[in-house]
Each structure stands twice: as C-alpha cells, then as structure tokens.
Amino acid sequence: MASRVTERLVDAPCTDRVPRATFQGLRALWFQLAGTLCNLACRHCFNASGPRPPWLAPLDPAMVRRAIAEAEALGVREFYFTGGEPLLHPDLFPLLERALAVAPTTLLTNGTLVDEPIADRLAAIAEASRYSLEVRVSVDGATAEESDAVRGRGSFDKALRAARLLATRRLYPIVTATEIASPNASALYERLRARLLEAGVERPRVKILPVIPTGRAARPDGTLPLSVEDLAGASHVRLQCAEARAVADGGIYACPILAGLPGARMARERLVDALGPTPLYHPACRTCYETGLTCANA
Amino acid sequence: MRERLTARRVALLGGVYANHLALEAALADARARGAEAVYCLGDLGGFGPHPDRVFPLLHAGRVACVQGNYDLAVAEGAADCGCGYTDPRDNHFARMSYAYTIRHTAPENRRWLGVLPPARRVALGAWRLLLCHGSPRQVNEFLWESTTPDGLLERFCREHAADVLCFTHTGLRWHRGLPSGRHAVNVGALGRPENDGTPRVWYTLLTADPDLVVEFVPVHYDHETLAREMADEGLPPEFVETIRTGWWTCCLEEMPVKERARGRF
C-alpha cells in the first residue's frame, strides 16, 4: 500500500454542515495514556506515534483519575488504556488498578516491552481485581517477515514472547493484527491463530482490524469525509463515537482514532460536557462507517 | 405493565437452548420447592435437539417468557441468530446451530416466539423485578460477572425503576448485591452446563422474605439421553461433548479472560 509519511495526525475542517452521530450513552472510555509516545514507529500507525518527542503528550494522572470517577457515575461499561505504548507511562500500574476498581479495563500494547516482571505485575493486578483485565498485543501479520516490515525488526518475536508470558499467567491476550500485510481477514485470522498455537500461546484469541487511513497510513489521494446524504437513514449505533469517548491531552475527544485533534475535541475537562452529538467530519469517520470498525474488543 | 404477584417465591429460567429434558426436570423441581410462578428469560432454541419439544412444556407449566435474541431471529427468519458473537470461530458454530433450529421449529411456534415481550416487570413482595434477556438496553448484550460494573447496573436499575435486574444470555450464573441495596442476577442457563466440568445445569429461585433471597439451584437431568438425541440429529460433536463433560468447547471467544481461565479450553 502506498502511504505518505505523516508525523502527526492531520485534522480536517469541521463545519456546521458535517453529519453528526447521536450519542447513545457512554459504554467505553479510552485513555490515550502515553499520548503518541511509543518505542516503535509502525508504518501504518493511525496517530503517527513513535519515539520522537510526541505531538500528543502523555496524560496527566490526575486527569485520568478524574475521568474514571466521572465515568463511574455515568455507568460506563469498560475502559481502554492505549497510546502510543502505555507501558512507557510511569504511572501505568497504579492507574490500571484505579480503573479496575471501577470497570473492566483493556491494556493495548505492542508487547515488545513485556518481560517476566511486567507480566507478573499485570497478572497480580488482574488477580486482585473483581473485573477482567484484558491485554491486547499488536502485530501485523502471521510471520515475523510480514509483521516486522510494518513494525520494525524483531517486534514480532517480542510480541509472541509477550503473548506467551501473559497466557502462561492465565491472562490470555487478544492478539490483534491489521490487514495491512494480508488483506484476506479470515485467512489472516486462521494463520495468526495457528502461529500463536505453534509458538506455545495457549487459548489464542485473535482480532483482525482494518487499516485506518490516517496518520502514516493516510492515502495520498485522501479519503472523502462523510456527507449528510451518506448517513440518511443510517443507524449511528454502529459508530463507536455514538457510545465511546477518548481522554487525551487537552480534553475529551470523539473517539480513540481522532484523540488529540482540535476538530474532534468534545470538551476540555469534564466528561459530562462531552456527550453531545459527534461531528463525523474526518475522513477516518468513513472507515468506521463503511467497515463497522470498532476499536473495542468486541 | 407490572405484574402484581402475591407470590413470595418465583423461579427464573435462563436460556433453554432446546434442552427439553432439563426444562422438564427444572419445572418439576421448581414446583417442588414452592415456586408460585415461573419465568423464562428467553432463547428457547439453539444448541440442543428437537426445538419444538420445549413449547408444550412451557405452556403446560404456565411459564411466562421474555423474548431472547434467538427467539426473535427464529420468529423473523433472520439471517443469523443475533447472538452478538464477533469472532469467526464463534460464528461458525452459531451458524450450524441456527440453521438446524430454524429448520426444525414449527410455524406456530415461530409465531408464538415473535409475540413474546422483550422484558417483563414483576412485583415480588416489595421488590420490583425487571426481567430481560441480555440487558435492558440490548437483547444480546453479554453481562458477564467480570465485565459488568456496579455503576452500569445501578444505572440500569435507575433508568428502569427496578430493584432487581434479572438477565441471562451469557450462560453463566452470578448474583451481586449493589451498593444501593439493589440486586443484579444472571439467572444462568438450562440449556448447557456452565463450563465447570459437570453436566448439571442451573436455574434461579428468588424469594421475598421480606429481604431478597437469591438461590441458584442445580438441575441433574438425563444428559446422556440428550447427548444421544443431539448426535442422532447430526448436531456438532463439539456441542455433544459439552453436554456430556460440562466443559464448553466452542463459543468461547466472547468470554472475558477471568471466566475463560476457569474453563478447560
């Protein structure tokens, strides 16, 4: 796939004429915990995360705690911690514990930093919690050759090691892959599952995601945003912004994909102020609409 | 409309999944334990054999049902069961089960399924019960014990003016007293064992005493006969194994990690 290297996520015009999704109630709250700070710089990263000084700063722990408390009062169903690479955030573990005291929480990681002590720590946090701690480990194919071409040399084997370390601690991870290296989703699902079993990962769980044409995967010819006519008569429930929000540096945003963009900011501080209709102004909104994409686990 | 009961004790049955033998045993057991009314929280077919066999039992037992996702799908002849699975392996087995069920459910039973209410409101003593299949907002929402926060349950109770929220859909029973004094009860399922290595299945008794007493009741039934019927009907061997061993062999991918870790697969 031809891609344009974009070192930050590009915003789009947000006018009064863009279609809007009615908000249906808060199910998922995402935390862009590490901002766009990451130890990898994947070729397709939708928010252009990487090891350079991030364009979106890591979250202030006080903001995370405040949003967790607000979300609890709103009857949230689940939390997600993402980035960037959340394991680079110095307060990850206490914040995970705080989130898990309120609702099930998923940690999204590239797995390359997961060693035995970290796996032990995550397992202890999971064991102590009433709610499930899910861990998602990202790769981009079913072989090191496929995945490393997107994510960097050695990343696939490290992710497999992480999956094994977590599974042996009964934290059976969900291993996710985008279709970037292998556009046949069902074939990729089966190949990746088989590879995980071969690598000794018990009870492999696999989720395949489309490539989101933003950030480093933005298409050179662009993707048209949605129009009011596109959405005439459509159900907005299938759009994750109809029932999710993302907390990132600078405020509360429409969804985890557009976190950090001024056009997607729904409120600066309070979650309760961020629950209005969502403007579907960005080309990425078309991907969600057309593919039914959800960043959630299911 | 709220159903006013003078009863002190009711039995709640979860997904029956065409397990007519367990249904028969559970109804007899519930009456013997003094249940004055019996409710079923939906999904009458799917997984098991001969789906039409549950209907005469439900009618004779005066079981008041709510509509599950499976019931709605079978009634409408929908393209799939609407179970809400997102994983290809889960959907593979769900398709097999649904194709069999829809082929073997008589038109009059499909019509009956089509007019079941999506929820029932029952007053049991001073307790206001809301009975639904998945959740009050979504017929196929999975309310697992480890992924359903107190805050969400309190919100459901507030929004629906209920003191006790009762649901099924996941197939695993649990009960939680909420900080406000309300209750949430997943009543379990009669249709298949609950991934604990035994073939027994479960239903729930609620008693207003006047405090609410929640009891999960194990049902031992002739599971070997059911397994033979399933095999004779050509249902997948994975389903038959679950009936015989008590371990889930499929539809595991939707299960959260805590519940998954308790099973064999």
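User: How is A:Arg203 to be classed from its C-beta neighbours inside 10 Å?

Analyst: A residue is buried if 20 or more other C-beta atoms, placed from the backbone, lie within 10 Å of its own, exposed if 12 or fewer, and partly exposed in between. A:Arg203 has 18 such neighbours and therefore counts as partly exposed. This is a predicted model, in which local features need pLDDT of at least 70 and side-chain atom pairs count only at pLDDT 80 or more, whereas totals for chains, interfaces and linings use all residues. Residues are numbered from 1 along each chain as its sequence is written, and chains are lettered from A and ligands numbered from 1 in the order in which they are written.

User: Where is A:Arg203 found, and what is its phi?

Analyst: Helices (H or I, at least four residues) and strands (E, at least two) are DSSP runs, numbered from the N terminus. A:Arg203 is found in the loop between helix 6 (185-198) and strand 7 (205-209) of chain A. Its phi is near 45 degrees, a positive value in a residue other than glycine. B:Ala18 has 32 C-beta neighbours inside 10 Å and so counts as buried.

User: Which peptide bonds are cis?

Analyst: The bond from A:Gly83 to A:Gly84 is cis, with omega near 10 degrees; A:Gly84 belongs to the loop between strand 3 (78-82) and helix 2 of chain A. The bond from B:Asp209 to B:Pro210 is also cis, with omega near -5 degrees, and B:Pro210 sits in the loop between strand 10 (201-208) and strand 11 (212-219) of chain B.

User: What is the radius of gyration of each chain, beside the value for a globule?

Analyst: The radius is taken over C-alpha atoms, and the globule rule is 2.2 Å times the number of residues to the power 0.38. Chain B has nine helices and eleven strands. Its radius of gyration is 17 Å, close to the 18 Å that the rule gives for 265 residues, so chain B is as compact as a globular protein of that length. Buried residues make up 51% of chain B and 53% of chain A.

User: How does one read the angle at which helix 1 and helix 2 of chain A pack?

Analyst: Axes are lines fitted to C-alpha atoms, for helices over the stretch in contact, and angles run from 0 to 180 degrees between N-to-C directions. Angles under 35 degrees count as roughly parallel, over 145 as roughly antiparallel, 65 to 115 as roughly perpendicular and the rest as oblique. Helix 1 (residues 61-73) and helix 2 (residues 92-100) of chain A pack at about 10 degrees, with axes 10 Å apart, and are therefore roughly parallel to each other. Two residues are in contact if their C-beta atoms lie within 7 Å. Here helix 1 of chain A contributes A:Pro61, A:Val64, A:Arg65 and A:Ile68, and helix 2 of chain A contributes A:Leu95, A:Arg98 and A:Ala99.

User: How many residues of chain B are in contact with chain A, and into which classes do they divide?

Analyst: 17 residues of chain B are in contact with 20 residues of chain A. Helix 6 (150-159) and helix 9 (257-262) of chain B each supply at least two residues of that side of chain B. Ala, Val, Leu, Ile, Met, Phe, Trp, Tyr, Cys and Pro count as nonpolar, Asp, Glu, Lys and Arg as charged, and the others, Gly among them, as polar. The side of chain B that touches chain A divides into seven nonpolar, four polar and six charged residues.

User: Which residues of helix 6 of chain B are buried?

Analyst: They are B:Asp150, B:Leu152, B:Leu153, B:Arg155, B:Phe156 and B:Cys157. B:Arg155 is classed as buried because 21 other C-beta atoms lie within 10 Å. What covers the buried residues of this helix includes strand 7 (164-167) and strand 9 (183-186) of chain B.

User: Which residues have the most contacts inside the largest nonpolar core?

Analyst: A nonpolar core is a set of buried Ala, Val, Leu, Ile, Met, Phe, Trp, Tyr and Cys residues joined through C-beta atoms within 7 Å. The largest has 177 residues, and B:Leu13, B:Leu41 and B:Cys166 have the most contacts inside it. Its largest share, eight residues, comes from helix 5 (residues 155-168) of chain A. Leaving aside neighbours within four places in sequence, the contacts of B:Cys166 include B:Leu12, B:Leu41 and B:Val187.
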